[in-house]
Structure formats: C-alpha cells, structure tokens
Amino acid sequence: SYSEKVMNNIAKEIEIVQGLFYAKAKKSNLFKVAGEYAFTGDEKPKDFKLGVTLPGQAAKDKDLLIIEEIPDNYYSAESGLGKSIPKHLIMVPIINKNTSVAVMELGTFKEINSAEQKVLKDLSLQLGDKINKFIK
C-alpha cells in the first residue's frame, strides 16, 4: 500500500525500526490502521479518535510528538539476529487544509535530530493532499 511505501522510504533515511500508519475514516474522527512497517505484536493496534492516545493527540495538535525512553514492556522490533525495544517514538500527523487526515507512529533506536525533525514536518504537509485523495 501507499502508506507502507512511505514508511519504507522514511526507514531508509531516518532508520525507523517499526511503524504504523493510521488514516482518518471517511466522515468520522476515527483513525484506523492503514499500513504497517516491521510491526510485530500479538495484538492488532487499536483505532483511536482525535485527541485520544498519543497519536490522537499529535493529530489534534497537528505537530510532531516525540517520546523518549520507551518503557520496557513496549512493543519490540525483531529481526533474525534478535529483538529490542525502540527507544524513541515519533508521532507524525499528516495535514491537509489544516486538518489531520492521517498519523504515522514511528519507532527508532536513535534520537531524531533537528534536521530529521524538519524533514518529517515537511513530509507531514506534503503528504496531506495525497493521503486525503486516498481517503475520499
């Protein structure tokens, strides 16, 4: 899917190890999973409403939300060589006409620097129109 290609490209540049892409449902404030990147977990990620949960708050605020020092019981990233818990979470709202139409939740082992934050903020606005067309 388009959302998975977007996260795949971001992973090459920013070294994300996991990602979820939530798209806003038509005529609703409910965001549903529309794509996954290297996601592992026994439970399917839950849908959320605007302002509810961390990605929901990022969508409401229309700004990056960066969480550092993830708890030990969080989802782990896995490969054939082992598994570990991401240390940082980045919520990236996708904005179209001043409205959040999607949110990316990205996990990484390393801190996101200011240049990478700028890239994600720019991407947030650039993707808005394209994602909005898929939702309609």
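Predicted model: local features only at pLDDT ≥ 70, side-chain atom pairs only at ≥ 80, totals over all residues.
Residues are numbered from 1 along each chain as its sequence is written, and side-chain values use heavy atoms, with hydrogens and water left out.

**Figure 1. Overview of the chain, with three helices and eight strands.** Helices (H or I, at least four residues) and strands (E, at least two) are DSSP runs, numbered from the N terminus. In that direction the order of elements is α-β-β-β-α-β-β-β-β-β-α. Of the 136 residues, 43% are buried, a term for a relative accessible area under 20%, whereas exposed stands for over 50% and partly exposed for values in between (1.4 Å probe, protein chains only). The chain exposes about 7,900 Å², and carbon and sulfur atoms supply 50% of this area; accessible areas come from the Shrake-Rupley method with a 1.4 Å probe, and for residues only the protein chains shown count as cover. A contact requires heavy atoms within 4.5 Å. Among contacts with a separation of 6 or more, 52% join residues 24 or more positions apart.

Figure 2. Methionine 7 counts as buried because its relative accessibility is 0%. Leaving aside neighbours within four places in sequence, its contacts include Ile16, Gly19, Leu20, Phe21, Met104 and Leu106. Although methionine 7 and phenylalanine 21 are 14 residues apart along the chain, 8.0 Å separates their C-alpha atoms.

**Figure 3. Leucine 20 in strand β1 (residues 16-24).** With a relative accessibility of 7%, leucine 20 is also buried. Apart from residues up to four places away in sequence, leucine 20 touches Met7, Gly35, Glu36, Phe39, Pro45, Val103, Met104 and Glu105.

**Figure 4. Histidine 88 in strand β7 (residues 88-96).** Histidine 88 has a relative accessible area of 10% and is therefore buried. Its side chain reaches the backbone nitrogen of glutamate 111 at 3.4 Å. Residues that histidine 88 touches, not counting those up to four places away in sequence, include Ile67, Glu68, Ile70, Leu106 and Phe109.

**Figure 5. Serine 100 in strand β8 (residues 99-108).** Serine 100 is buried, since its relative accessible area is 4%. The side chain of serine 100 reaches the backbone oxygen of alanine 59 at 2.6 Å. Beyond its neighbours within four places in sequence, serine 100 is in contact with Lys24, Phe31, Ala59, Lys62, Pro93, Ile94 and Ile95.

**Figure 6. The second largest pocket, with about 180 Å³ of space.** On a 1 Å grid over the protein atoms alone, a pocket is an open set of points with protein on both sides within 12 Å along at least five of seven lines, and lining residues have an atom within 4 Å of a point. Helices α1 (2-14) and α3 (114-135) each supply at least two lining residues. The largest share, seven residues, comes from α1. Among the residues of the lining are Tyr2, Val6, Ile10, Glu13, Leu120 and Leu127. By class, the lining holds eight nonpolar, one polar and two charged residues.

Technical notes. Polar contact = N/O pair within 3.5 Å; in protein donor to acceptor, adjacent residues only side chain to side chain. 1 Å grid on protein atoms, 1.4 Å probe; cavity = no way out; pocket = protein on both sides within 12 Å on 5 of 7 lines; lining within 4 Å. Points joined across faces, edges and corners; volume = space filled by probe spheres on them. Nonpolar A, V, L, I, M, F, W, Y, C, P; charged D, E, K, R; others polar.
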